[in-house]
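Visitor: I would like a close look at one part of this model. Please take me through that part and what surrounds it.

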Amino acid sequence: MRTIARTTLLAAATIPLAITAAPASAAEATDVTYAFGVDGSTVTNTITNNTGATIGCTTSLALAPDGVLPPIAEVVGPGQSLYQQDEIPPGTTTQSVLDVPDGSYVALASCGREGDDPALWVSDYPGIEQFLVQFPMPAYTVEQASSVVTVPSVAPAPPAAIPDAGDLGKIFGS
């Protein structure tokens, strides 16, 4: 499990890992989509990349106390977050944040590319626009709104019921 400062996270998350020399076409808001899910202690993000080029993507988590979206400044401000960064080729790829502790989290994603046609695609989140205007490239909010995901604790199975002494005859067939 890796942690980083959230302010660094937004900057790192929106700076692409891959540099494309010749993008297939001009960037559009619908070129990238996200779908978040939970599988045990893993939070997944299924990224659909329709840009025609490899893009750098980050899926990150921030605490969402009581399952409520915190203000954007708390999500990208000082503190810690869990994340996964990868280069995502065209098509559909699942990015996973592993070993997430139990709790409720805001799931955020951002993808970007540099080159002749730079662009950012960031999870829609109330107030995110104030941060996106700082980047010198087109930035699109992805319609898949940032969602709160809950990583459940795995409760141990309850112990088997101990039979009443009066039922022992039934257990042993007498």
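Which residue in S9 is the bridge partner of Cys111?

Guide: It is Trp121: in S9, that residue is the bridge partner of Cys111. First, some ground rules. This is a predicted model, in which local features need pLDDT of at least 70, side-chain atom pairs count only at pLDDT 80 or more, and totals for chains, interfaces and linings use all residues. Residues are numbered from 1 along each chain as its sequence is written, and side-chain values use heavy atoms, with hydrogens and water left out.

Start with the two strands. Strands are DSSP runs of E, at least two residues long, numbered from the N terminus. S8 covers residues 103–115 and S9 covers 119–124. A hairpin of three residues connects S8 to S9. The two strands run antiparallel, joined by four bridges. Strands count as paired if DSSP finds at least two bridges between them. In general, strands of a sheet pair through backbone hydrogen bonds, either parallel or antiparallel. S9 is largely enclosed by the rest of the structure, because five of its six residues are buried. Buried means under 20% relative accessible area, exposed over 50%, and partly exposed in between, with a 1.4 Å probe and protein chains only.

Now the sulfur. Cys111 is joined to Cys57 by a disulfide, with S to S at 2.0 Å. A disulfide is a pair of cysteine sulfur atoms within 2.5 Å, and the structure holds one. The link ties distant parts of the chain together: Cys57 sits in strand S5 and Cys111 in strand S8, 54 residues apart. The angle about the S-S bond is 115°, and the link is right-handed. Both ends are covered. Cys57 counts as buried because its relative accessibility is 1%. Cys111 is also buried, because its relative accessible area is 0%.

Next, the core. A nonpolar core is a set of buried Ala, Val, Leu, Ile, Met, Phe, Trp, Tyr and Cys residues joined through side-chain atoms within 4.5 Å. The largest one has 22 residues; Cys111 and Trp121 are among those that touch the most other members, along with Tyr34, Leu61 and Val100. Elements giving two or more residues to this core include S3, S4, S5, S8 and S9. S8 gives the most, with four residues. Another core lies apart from it, with 14 residues, including Leu120 and Phe131.

Leaving out residues up to four places away in sequence, Leu61 touches Val43, Ser81, Leu82, Val97, Val100, Tyr105, Val106 and Ala107. Contact here means heavy atoms within 4.5 Å.

Eight bridges join S3 to S4. Among the partners, Val38 is bridged to Val43 in S4. Beyond its neighbours within four places in sequence, Ser96 contacts Thr42, Val43, Thr44 and Gln84. Ser96 is partly exposed, because its relative accessible area is 24%.
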